[in-house]
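Reader: I'm new to this one and a bit lost. Please pick a single part and walk me through it closely, in plain words.

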Amino acid sequence: MIDPTRGARHYDVVAFVGSLRSGSYNRMLFNNVRRLSPANMAISELTGWDEWQTLDVDLLNDGIPDAVTAMAQRIAESDAVLFVSPEYNYSIPGGLKNGIDWLSRVSPQPFTSKVVGIMGASTGAIGTARMQYHLRQVLVFLDGHPVNKPEVMVGRAAGEFDGEGRLVSEFYRTQVTELLENLARQADRFKGRVSP
Ligand code: FNR
C-alpha cells in the first residue's frame with residue numbers, strides 16, 4: 001500500500017474507461033481498481049467523451065465545445081490520469097482516441113506534464129499491449145508522463161474475472177495495487193513534492 005509517511009496527502013485521479021460495452025472486461029478491471037485503491041486516492045471516471053463528434057479542423061474553428069473544455073480543466077486540476085481500455089485492431093479504440101484528440105486542442109493542453117497510468121484487458125493473449133504502446137506514443141506528443149511499470153495487461157480476460165467481476169488472480173490484483181502506488185509516487189515527483 002501507499003507509504004503511510006505520506007500522511008494525509010490525497011490523490012485526485014481521473015479515469016477513462018475505453019469500452020462502453022455492457023459486460024465489458026475493462027469496466028470490470030476498473031471496478032477492481034476502485035476496490036483496490038488506497039483510502040487517500042479518489043478515482044473519478046470521466047464520461048461523455050463518446051458523444052463528441054468526430055474531430056475535424058472545421059469543427060475546431062467553430063470553437064471547442066464546453067464539455068471538452070470542462071473535461072480538460074478537470075484533467076488539468078487532477079493529480080493523475082488513468083486509462084483502462086481495450087485494444088481495437090492493435091491500437092486505441094477510435095472513440096477514445098477521438099476524445100483525446102479533442103482534449104489535446106484545449107489550451108492549456110491538459111496532458112502536459114500529467115502523470116498517466118495505463119492498463120487494459122482483452123480477450124487476446126497479450127492483454128492490450130499494442131494499444132498501450134500506441135497510447136504511450138500519443139502521450140509523448142502530448143508531453144505526458146506514463147508510469148512505466150508495472151504494465152497491467154490482462155490477457156484472455158474471459159477467464160480472469162469471477163462471477164462478481166473480481167480479478168481471480170493475485171498476480172493481477174498485486175499489479176493493479178502497484179500501479180496505483182507508482183502513480184501516486186510519480187505524481188509526487190512531478191509536483192515537486194519529493195526529489196526524483
Ligand atoms: C477487438 N478485440 C481485440 N483484442 C485484442 O487482443 N487485440 C485486438 O487488436 C482486438 N481488436 C478488436 C477490434 C474490435 C473492433 C473489437 C470489437 C474487438 C477483442 C477485444 O479484446 C474484446 O472484444 C474485449 O472484450 C474488448 O474489451 P471490453 O469491451 O470487454 O472491455
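Author: Let's start with a term: a polar contact is a pair of N or O atoms within 3.5 Å; within protein, one of them must be able to donate a hydrogen and the other to accept it, and residues adjacent in sequence count only if both atoms are side-chain atoms. What you're looking at is a predicted model, where local features need pLDDT of at least 70 and side-chain atom pairs count only at pLDDT 80 or more, while totals for chains, interfaces and linings use all residues. Residues are numbered from 1 along each chain as its sequence is written, and side-chain values use heavy atoms, with hydrogens and water left out.

The part I'd pick is the ligand site. Which residues come nearest to the ligand? Out of the 13 residues around it, they are Ser 19, Ser 24, Asn 26, Glu 87 and Tyr 90; a residue is near a molecule or strand if one of its heavy atoms lies within 4 Å of it. An N or O atom in the side chain of Ser 24 is 2.6 Å from an oxygen atom of the ligand. With Tyr 90, a polar backbone atom is 2.7 Å from a ligand oxygen. Ser 122 uses its side chain, with an N or O atom 3.1 Å from an oxygen of the ligand. On its own the ligand has 610 Å² of accessible area, and the protein covers 73% of that; accessible areas come from the Shrake-Rupley method with a 1.4 Å probe, and for residues only the protein chains shown count as cover.

Let's follow Ser 24 first. One of its side-chain oxygens reaches to within 3.0 Å of the backbone nitrogen of Asn 26, at the start of helix α1. Helices (H or I, at least four residues) and strands (E, at least two) are DSSP runs, numbered from the N terminus. Helix α1 covers residues 25–36, and its 12 residues reach 16 Å from first C-alpha to last, close to the 16 Å expected at 1.5 Å a residue. That expected span is 1.5 Å times one less than the number of residues.

Which residues of α1 are buried? They are Asn 26, Leu 29, Phe 30, Asn 32 and Val 33, where buried means under 20% relative accessible area, exposed means over 50%, and partly exposed is in between (1.4 Å probe, protein chains only). Seen down the axis of α1, these buried residues fall within an arc of 155 degrees, so they line one face of the helix. The arc is that of the directions from the helix axis to the C-beta atoms. Here's a handy bit of background: an α-helix has 3.6 residues a turn, so residues three or four places apart point the same way. The cover over the buried residues of α1 includes β1, β2 (41–45), β3, β4, β6 and α6 (170–190).

Back to Tyr 90. You'll find it in the loop between β3 and α4. Tyr 90 is exposed, with a relative accessible area of 53%. Its phi is near 65 degrees, a positive value in a residue other than glycine.

β3 and α4 turn up again around another helix, α3. Strand β3 (80–84) and helix α4 (94–103), along with β1 (11–17), are among what covers the buried residues of α3. Those buried residues are Val 68, Met 71, Ala 72 and Ile 75. They cover an arc of only 105 degrees around the axis, which puts them on the same side of α3.

Last stop: the loop between β4 and α5. Thr 123 is found there, and it is exposed, with a relative accessible area of 56%. Leaving aside neighbours within four places in sequence, Thr 123 is in contact (heavy atoms within 4.5 Å) with Tyr 25, Arg 156 and Ala 157. Thr 128 has its place in the loop between β4 and α5 (129–141) as well. Is Thr 128 buried or exposed? Buried, with a relative accessible area of 0%. Phi of Thr 128 is near 75 degrees, again a positive value in a residue other than glycine.
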